[in-house]
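My notes follow the structure.

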Amino acid sequence: MELTQKFVRKQLELLRPLYNASDLDKSRKGQDAIGKLMQVAHRREVAFAPEAFPDFAACWAIPKEPAESAGCALYLHGGGYVCGDLTYAKGVGGALAAETGLQVLCPAYRLAPEHPFPAALEDAGVCYRRLLERGFDPARIVLAGESAGGGLIYSLCLWLKEQNLPLPGGLIALSPWTDLTCTGESYAKNRERDPSMTIEELRFYAESYTEDPQNPYVSPLFGALSGLPESLLLVGGDEIMRSDTEMLYEKLLAAGCKARLIVGDGLWHAYVLYGLKERRGDLEAMVSFAREVALCPKN
């Protein structure tokens, strides 16, 4: 089933009452509701196999028709570091597996405020190490994430550089939250245009996650990005976090990294996840990028 831009925007507008800047329970329910909406668009047959970690739940999403590849993807879910359980991670990670044919590791990393920074980054690092222990060639590993998860894949790469661990082959970031100070110009410019996110909500998430939003491991926009793998960045033209993606893109190019930016005009936060009929080409670009990394590593 392909959803239309008009239909999804209407559904997001109906869900807006769940976006409460100070009610964690409502925020988590809102995330769950959006996850269910996304699953309507990505109803594909995949198998799920649990992967045991000491501090958090995780599973593998294994496509029914896998690609002939020794590669894989690590998907880090969004939710402002305070929302998103294993069911949500499986919903989006399963869609990624079905579309790309790659097996996808989907962790439900620990959430703030119960587990503030650096819990999410630590869990992401544990997952990446597990892939290396399993024998995956890092050049064939794709890191993918949306929103907070999109920022987290860059934070993870900064940490991998510090630890002298091999970097993955490519990065796919959907509307990545890369600046938890929320100071980009789009936060004001798109305040009334974005049907999917509010500045009050994001500030609540940031305060729940960290006391230092300028820390590069929290806001990778402020980090040293040289040497990072090739990136594919996608962002909605109407979302308040648009600046986070555009500034990251500019900094990646300035640091000598390869990157491609796709802006969905008139669209909202992480729009690619909804499988919009009008933007099928953007999903195909993401699938092509992931498969190229996993099938034809350049490192």
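I began with strand β2, where V46 has P63 as its bridge partner. The model is predicted, so local features need pLDDT of at least 70 and side-chain atom pairs count only at pLDDT 80 or more, while totals for chains, interfaces and linings use all residues. Residues are numbered from 1 along each chain as its sequence is written, and side-chain values use heavy atoms, with hydrogens and water left out.

I noted the terms. Helices (H or I, at least four residues) and strands (E, at least two) are DSSP runs, numbered from the N terminus. Two strands pair if DSSP finds at least two bridges between them. Buried means under 20% relative accessible area, exposed over 50%, and partly exposed in between (1.4 Å probe, protein chains only).

Strand β1 (residues 46-50) pairs with β2 in the antiparallel sense over 5 bridges, and a hairpin of 6 residues joins the two. On β4 (residues 104-108), also antiparallel to β2, I found 5 bridges, with A61 opposite V104.

I then turned to β7 (residues 230-236), where 6 of 7 residues are buried. Strand β6 (residues 170-174) pairs with β7 in the parallel sense over 5 bridges, and L174 has L234 as its partner. Strand β8 (residues 259-264) runs parallel to β7, joined by 6 bridges, and G236 stands opposite G264.

Last, I checked helix α7 (residues 199-209): 8 of its 11 residues are buried, including F204 and Y205.
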